[in-house]
Amino acid sequence: MNPWFSIRSRITRTASAQLAHRQIAHGAFIERSLQNITSPDSIVQRSAALLNSVTGYDTIIQARAQTESLDNQITSLRDSVKTAQKQYELTIESRAQCQRDINALLERKASWTPSDVASFTELYNTFLELDTNSNLKRKVQKNNFGPSQRT
């Protein structure tokens, strides 16, 4: 008998035995994974989870969930930025209107009535408040959304 044939047959038997053992172990693993399942839906769900785990797809599912969460956060932040920008624009417009009203009152300063003095005082206080708000908003906007972070 040829010695190579003997070695080849032993390798084949060993490989076959190992393959059979793996199949039995894998079958037992699947059987353990599927025990205590009573409904067809739970069998499908459990089988899908098992397949995802074996193929590594569960890590992809986790990464996709994290990506969706981050995407939702980005969307929320973009909405916040848009709202802040609209508020800033409204503040600037209100400040400009207040400045126009003050200038109109100052043009006729010589003929002011007591109600004009009260209007001027109120407009000037409003202008200072709006100016302070717009400067603070501008600083916050520059600090939080500088040129490198704008989209």
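**Entry 1: salt bridges**

I searched the whole structure for salt bridges and found three. I note here that the model is a predicted one.

I looked up the pair formed by aspartate 116 and arginine 108, whose closest N and O atoms lie 2.8 Å apart. Is aspartate 116 buried or exposed? I find it buried, at a relative accessible area of 10%.

I then turned to glutamate 93, which forms a salt bridge with arginine 100 at a closest N to O distance of 3.3 Å. I recorded 45% relative accessibility for glutamate 93, which counts as partly exposed. Arginine 100 is also listed as partly exposed, at 42%.

The remaining entry on my list was the salt bridge between the side chains of arginine 95 and aspartate 131, at 3.4 Å from N to O. Arginine 95 belongs to helix 3 and aspartate 131 to helix 4, so this pair ties together parts that are 36 residues apart in sequence. I noted arginine 95 as partly exposed, with a relative accessible area of 23%. Aspartate 131 is partly exposed as well, at 22%; the cut-off for buried is under 20%.

**Entry 2: overall make-up**

Along the sequence I read the pattern α-α-α-α. Of the 151 residues in the protein, 11% are buried. The protein exposes about 12400 Å², and carbon and sulfur atoms supply 57% of that area. I also checked the contacts with a separation of 6 or more: residues 24 or more positions apart account for 50% of them.

**Entry 3: the nonpolar core**

Which residues make up the largest nonpolar core? I listed seven: Cys98, Ile102, Leu105, Phe120, Leu123, Phe127 and Leu130. Helix 3 and helix 4 (114-144) are the elements that give two or more residues to this core. Helix 4 provides the largest share, with four residues.

I examined two members in detail. Isoleucine 102 touches Phe120, Leu123, Tyr124 and Phe127, when residues up to four places away in sequence are not counted. Leucine 130 is placed in helix 4. I classed leucine 130 as buried because its relative accessibility is 15%, and the limit for that class is under 20%. With neighbours within four places in sequence left aside, leucine 130 is in contact with Thr91, Ser94, Arg95 and Cys98. Arg95 in that list is the residue I had already recorded in a salt bridge with aspartate 131. I also took the C-alpha separation between leucine 130 and isoleucine 92, which is 7.6 Å for residues 38 apart along the chain.

I tested the length of helix 2 (residues 40-55). At 1.5 Å a residue, its 16 residues should span 22 Å, and its end C-alpha atoms are 22 Å apart, which agrees. Just after helix 2, I found glycine 56 with a positive phi of about 85°.

I next looked at a nonpolar surface patch formed by Tyr57, Ile60 and Ile61, which together have about 240 Å² of accessible area. An α-helix has 3.6 residues a turn, so residues three or four places apart point the same way. Isoleucine 61 lies in helix 3 (residues 57-107). I recorded isoleucine 61 as partly exposed, with a relative accessible area of 31%; patch membership requires over 30%.

Technical notes. Residues numbered from 1 in each chain as written. Predicted model: local features only at pLDDT ≥ 70, side-chain atom pairs only at ≥ 80, totals over all residues. Heavy atoms only, no water. Expected span 1.5 Å × (residues − 1). Patch = residues over 30% accessible without salt bridge, like charges linked within 9 Å, V, L, I, M, F, W, Y side chains within 5 Å. Areas by Shrake-Rupley, 256 points an atom, 1.4 Å probe, with all protein chains shown as cover. Salt bridge = Lys/Arg side-chain N within 4 Å of Asp/Glu carboxyl O. Buried < 20%, exposed > 50% of the residue type's maximum accessible area, 1.4 Å probe, protein only. Core = buried A, V, L, I, M, F, W, Y, C linked by side-chain atoms within 4.5 Å. Contact = heavy atoms within 4.5 Å.
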